[in-house]
Amino acid sequence: MLETAETDIAVVGAGIVGVACALQLARQGRRVTLVDRQAPGLGASFGNAGHLATEQVFPIADLSILKRLPRMLLDPMGPLRLDWKYLPKAMPWFTRLLLNLRPAPFQRSVAGIRTLNEGSLGAWQRLLGSIGRSELFQEDGSLLVFEKPESRQALEALRTRMQQQAVPVDFWSAETVREAAPQLSPSLLGGLFFPRTGHFIDPYGVVCELFEAAKASGVRFVQAQVDGGQLHSAGVSLASDQGMLNARQVLVSCGAHSAKLTAALTGTRVPLDTERGYHLMLPGEHQRLPFAVTSLERKFIMTPMADGLRLAGTVEFAGLQAPPSMQRAWQLHRLSKGLFRHDLSVEGATPWMGFRPSLPDSLPVIDRVCDGRVLLAFGHQHLGLTQAAVTAEWVGRLAEQAGGPEMGAYRLDRF
């Protein structure tokens with residue numbers, strides 16, 4: 001039996017969600033130990049698109065994708081790739097995804113994503129303001145552009161759907177686009193502008209700043225690989241390659257790696273998979289865009305950052321073990337050709353791949369289970385950066401046994 005606890009809460013996972021939660025819990029007076037196999041922020045949080053995507057209130061797939069799926073999967077450099085060797089393992093996940101495209105579960109997912117997103121901007125403003133680093137986030141909106149006349153109907157339909165979900169959105173003419181972003185190609189026909197969004201000028205730097213604030217608040221960091229754990233009457237014992245760690249509570253927030261530990265502690269097998277995402281960082285491109293720009297037809301995003309311009313996107317299903325296909329990162333530069341008056345420079349460019357933790361209903365798990373000994377915060381898919389700050393506030397409430405009814409959609413027992 002566990003008799004003594006080294007810490008009040010062990011937070012497993014030092015990505016943006018875990019670090020934000022560790023800081024929140026420490027500020028509530030808890031002794032917090034943050035555990036990760038690598039330094040904070042070096043997982044998916046290092047290379048995300050940097051976009052505060054509050055406008056993205058719809059699940060990762062809808063019924064319209066079914067018609068396009070065969071053609072998409074046959075294109076190895078397309079926006080969606082499935083490693084056929086991984087298909088047998090991925091089939092249960094895809095089956096659940098298809099079941100969640102039915103009207104009722106789809107609308108539950110939309111409502112769940114929207115609830116988190118609606119609180120995300122304010123939560124980030126509070127969090128960055130509390131550490132004196134508000135300048136790391138630029139609330140300057142984002143733009144979705146289109147190039148083909150036949151795309152206008154799809155764009156208008158998307159605008160209507162977003163307005164129905166109370167997402168602030170404006171239609172911009174080609175002239176308005178050129179005035180706001182003069183380096184974009186004059187061939188662009190217009191787009192949708194989302195004023196209540198923005199971008200982070202250094203996503204990895206945000207994690208580092210929050211980690212420094214967490215340490216200043218008493219958070220202890222242990223670099224270790226957590227392999228499993230057991231519950232006891234007095235708390236939790238976590239087994240790691242650095243020995244055992246005893247805590248009164250544990251928060252599982254290790255992104256795409258969360259399923260194994262969650263199963264060991266709770267007995268619930270979570271249908272968590274990873275959408276592998278890629279980016280290409282262009283250090284020589286500092287003045288191309290004033291805000292994040294996404295291409296409707298080409299399906300990738302370009303975000304201005306302190307270190308250059310980041311091109312990000314694509315979805316690849318190949319699991320956690322397969323090596324990265326870095327040609328997919330370089331494909332992002334090829335996709336950018338024609339979107340600017342002059343092609344982007346790849347001098348000094350660096351490719352990257354990371355794991356987005358995704359559940360088939362596009363909702364994260366944010367919950368308190370096992371008599372409060374286990375807290376959960378993972379599965380934010382493409383929206384980990386967007387939803388990290390509001391998730392931390394919710395986890396703080398769960399730690400105090402004060403979770404509200406809005407958290408019901410994110411419960412573990414939905415699986």
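A cavity is a set of points, on a 1 Å grid over the protein atoms alone, where a 1.4 Å probe fits but cannot get out. Welcome to this predicted model, in which local features need pLDDT of at least 70, side-chain atom pairs count only at pLDDT 80 or more, and totals for chains, interfaces and linings use all residues. Residues are numbered from 1 along each chain as its sequence is written, and side-chain values use heavy atoms, leaving out hydrogens and water.

**View 1. The largest cavity.** The structure holds one cavity of 30 Å³ or more, a volume being the space filled by probe spheres set on grid points joined across faces, edges and corners. About 40 Å³ of space lies in the largest cavity. Its lining residues (an atom within 4 Å of a point) include Pro-59, Leu-97, Phe-106 and Asp-361.

**View 2. The second largest pocket.** A pocket is an open set with protein on both sides within 12 Å along at least five of seven lines; here the volume is about 320 Å³. Of its 13 lining residues, Asn-100, Pro-105, Arg-108, Asp-361 and Arg-414 are the closest to the centre. Helix α5 contributes the most to this lining, with three residues (helices are DSSP runs of H or I, at least four residues, numbered from the N terminus).

**View 3. Where α5 meets α11.** The axes of α5 (residues 103-130) and α11 (residues 384-399), lines fitted to C-alpha atoms over the stretch in contact, come within 7 Å and cross at roughly 85 degrees. The two helices are therefore roughly perpendicular (65 to 115 degrees).

Methods:
Axes fitted to C-alpha atoms, helices over the stretch in contact; angles between N-to-C directions. Parallel < 35°, antiparallel > 145°, perpendicular 65-115°, else oblique.
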